[in-house]
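Open the model in your viewer and keep the selection panel at hand. The stops below go from sheet to ligand to backbone.

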Amino acid sequence: MSEPWRATVLSLYPEMFPGPLAASLCGDALGRGVWSLELAGIRDHGIGRHRAVDDTPAGGGPGMVMRADVLAAALDAGLAAGDPRPRLLMSPRGRPLKQAHVRMLAEGPGLVLVCGRFEGVDERVIPARNLEEVSVGDYVLSGGEIAALVVIDACVRLLPGVMGKELSGAQESFEEGLLEYPQYTRPREWEGRSIPEVLLSGDHARIASWRRAQAERITRERRPDLT
Ligand code: SAH
């Protein structure tokens, strides 16, 4: 069997992993060795008797900032020299995560994910350890752990052999710059609502063109920025 896709997560709360990634598609794939998960506790590299990982912001202001030296020590201890994997820092200031980027990351050897807490991390560690800032959306989470779970989940479901049908990835939302068409299943009638007649027609060409038109309409209405 080929090498698993490897995720290494650096966090103050390693007990939050694998969390939801232990269930369903991702959990089965983890069990089968399609991907692997390593956790590095940032607190293990804290300073002094109290294992301090944060300090007050230079220049004043509210909250605390994660120390560059502590994060760098955690990265240096956790990664082999020359580890080729991209190192992502979860950050609301980062590049917004998109499906095309996810696909690229899933095709690589895996990821190193750094989870921030408090007001964020000392800026100097970003260039010093070659971290790439990635955001999971325009809102602020209390920490990077849930963002890291999002990134890993999105990548793992694309790994070969994870999704039931290899094809099911290709027609989804975003894959063609479109949101997905509406889906239906049994029963045929439900609370007075029926399934669109075309889907029951067995005419594959008509079904395909109906779906295409629906996907275009939904994308135009909801996400004109994608078109
Ligand atoms: N003071 C920061 C927010 C810190 S939130 C600011 O205003 O930009 C604490 C941590 O949660 C961050 O360091 C980051 O790791 C994580 N986080 C919060 N929102 C996120 C988002 N939208 N995407 C990715 N990570 C996020």
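Begin with strand 5 and strand 6 (residues 110-114): they run parallel and are joined by three bridges. Strands pair if DSSP finds at least two bridges between them. Helices (H or I, at least four residues) and strands (E, at least two) are DSSP runs, numbered from the N terminus. Select L89, then V114 of strand 6, which stands opposite.

Before moving on, note the ground rules. This is a predicted model, where local features need pLDDT of at least 70, side-chain atom pairs count only at pLDDT 80 or more, and totals for chains, interfaces and linings use all residues. Residues are numbered from 1 along each chain as its sequence is written, and side-chain values use heavy atoms, with hydrogens and water left out.

Pick M90 and look across to V134 in strand 7.

Next, select the ligand. The ligand sits in the largest pocket. A pocket is an open set of points on a 1 Å grid over the protein atoms alone, where a 1.4 Å probe fits, with protein on both sides within 12 Å along at least five of seven lines. To sit there, more than half of a molecule's atoms must lie within 2 Å of the grid points.

Strand 5 (87-96) and strand 7 (132-135) are the elements that give two or more residues to the shell around the ligand. Strand 5 gives the largest share, three residues.

Show the shell: 18 residues, of which M90, E119, G137, Y139 and L141 come nearest. Membership takes a heavy atom within 4 Å. Nine shell residues are nonpolar, eight polar and one charged; Gly counts as polar here, Tyr as nonpolar.

- S91: a backbone N or O atom lies 3.2 Å from a ligand nitrogen.
- G143: a polar backbone atom is 3.5 Å from a ligand oxygen.
- G144: a backbone N or O atom lies 3.4 Å from a ligand oxygen.

Alone, the ligand exposes 560 Å², and the protein buries 84% of that (Shrake-Rupley, 1.4 Å probe).

Last, the backbone. Most residues other than glycine have a negative phi, and most peptide bonds are trans.

- F17 and P18: a cis peptide bond, omega about -5°. P18 lies in the loop between strand 1 (5-11) and helix 1 (24-31).
- R186 and P187: a cis peptide bond, omega about 0°.
- N130: a positive phi of about 55°, in the loop between helix 4 (125-128) and strand 7.

Note on methods. Polar contact = N/O pair within 3.5 Å; in protein donor to acceptor, adjacent residues only side chain to side chain. 1 Å grid on protein atoms, 1.4 Å probe; cavity = no way out; pocket = protein on both sides within 12 Å on 5 of 7 lines; lining within 4 Å.
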